[in-house]
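Keep the sequence and the model side by side as you read.

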Amino acid sequence: SIDRGKDDVLDVAGGSPLSWMPDGRLIVAVVRALGSSDLLAVPADGGKAEDLVKTVYAEDQARVSPDGRWLAYRSNRSGRSEIWVRATAGSAPVRVSQYGGREPVWSHDGRELFYLKDNAMMALAVKVGQAFTFAPPVPLFDRPYFHSEDEGPTGPLGFGGYDVALDGRFLMIPETSGDPNRAAAPARGIVVVQNWPEGLKQEGPR
């Protein structure tokens with residue numbers, strides 16, 4: 001459980017751990033509270049959690065930037081699901097998405113922030129500096145992929161359905177149901193591939 005004080009203990013099962021701070025000392029987690037959701041900073045070695053983003057709105061899907069300075073997350077404070085960014089040390093949040101957004105993910109160098117708008121992968125360039133400045137988001141590609149959650153702010157609070165590799169490539173699961181508005185059928189088992197880098201070498205470049 002996550003201890004927010006002697007009179008307020010919330011079960012992690014009601015939410016999810018989402019992102020590590022780069023120094024490994026804190027975990028950003030999300031918990032439901034009174035029909036909404038809040039973001040907490042939880043000590044990795046135990047102890048009392050601190051409120052990170054606590055409002056009357058629903059906040060979830062948080063991701064910490066590689067340098068640990070910025071927190072991107074989803075919120076419905078504008079009346080719809082949008083991506084917001086604020087300093088991890090505390091500051092007024094800035095909306096970075098336009099006309100809806102979900103599942104923010106930082107590039108590994110922290111110079112780009114990605115998010116999904118419907119089936120479109122959006123990207124915005126981030127200027128590294130004392131203040132958070134960014135260029136307008138641009139679409140990278142638009143194709144239906146499997147998503148681990150729905151778009152509404154009351155949906156699942158855990159990890160999203162994609163990630164970005166060190167070389168900038170996207171790891172996603174193509175939609176296979178034939179209907180772009182329906183998620184792919186859930187997997188019925190787990191396949192473990194051992195020594196997969198060697199297998200890639202044997203196949204040769206593509």
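This is a predicted model: local features need pLDDT of at least 70, side-chain atom pairs count only at pLDDT 80 or more; totals for chains, interfaces and linings use all residues.

A residue counts as buried under 20% relative accessible area, exposed over 50% and partly exposed in between (1.4 Å probe, protein chains only). Phe134, with a relative accessible area of 30%, is therefore partly exposed. Phe132, at 13%, counts as buried.

Residues are numbered from 1 along each chain as its sequence is written, and side-chain values use heavy atoms, with hydrogens and water left out.

Now look at the whole chain. The protein chain has 1 helix and 17 strands; these are DSSP runs numbered from the N terminus (helices: H or I, at least four residues; strands: E, at least two). Of its 206 residues, 40% are buried.

Next, turn to the inside. In soluble globular proteins, nonpolar side chains tend to be buried together. A nonpolar core is a set of buried Ala, Val, Leu, Ile, Met, Phe, Trp, Tyr and Cys residues joined through side-chain atoms within 4.5 Å. The largest one here has 14 residues, and Val85, Val96, Trp106, Leu113 and Phe132 touch the most other members. Two or more residues come from each of β8 (70-75), β9 (82-87), β12 (112-117) and β13 (120-127), with β13 giving the most, 4 residues. A second, separate core of 12 residues includes Leu18, Val28, Val53 and Val64.

Beyond its neighbours within four places in sequence, Trp106 is in contact (heavy atoms within 4.5 Å) with residues including Arg63, Trp70, Leu113 and Phe132.

What about the aromatic rings? Rings of Phe, Tyr and Trp (its six-membered ring) pair if their centres lie within 6.5 Å; planes under 30 degrees apart count as stacked, over 60 as edge-to-face and the rest as tilted. By this rule there are 7 aromatic pairs. Phe132 and Phe134 make a tilted pair, because their planes are at 40°, with the ring centres 5.6 Å apart. Phe141 and Phe170 are edge-to-face, at 5.4 Å centre to centre and 80° between the planes. This pair links distant parts of the chain, 29 residues apart: Phe141 is in strand β15 (residues 138-142) and Phe170 in strand β17 (residues 170-171). Phe141 and Phe170 also belong to one aromatic cluster with Phe114, Tyr145 and Tyr162.
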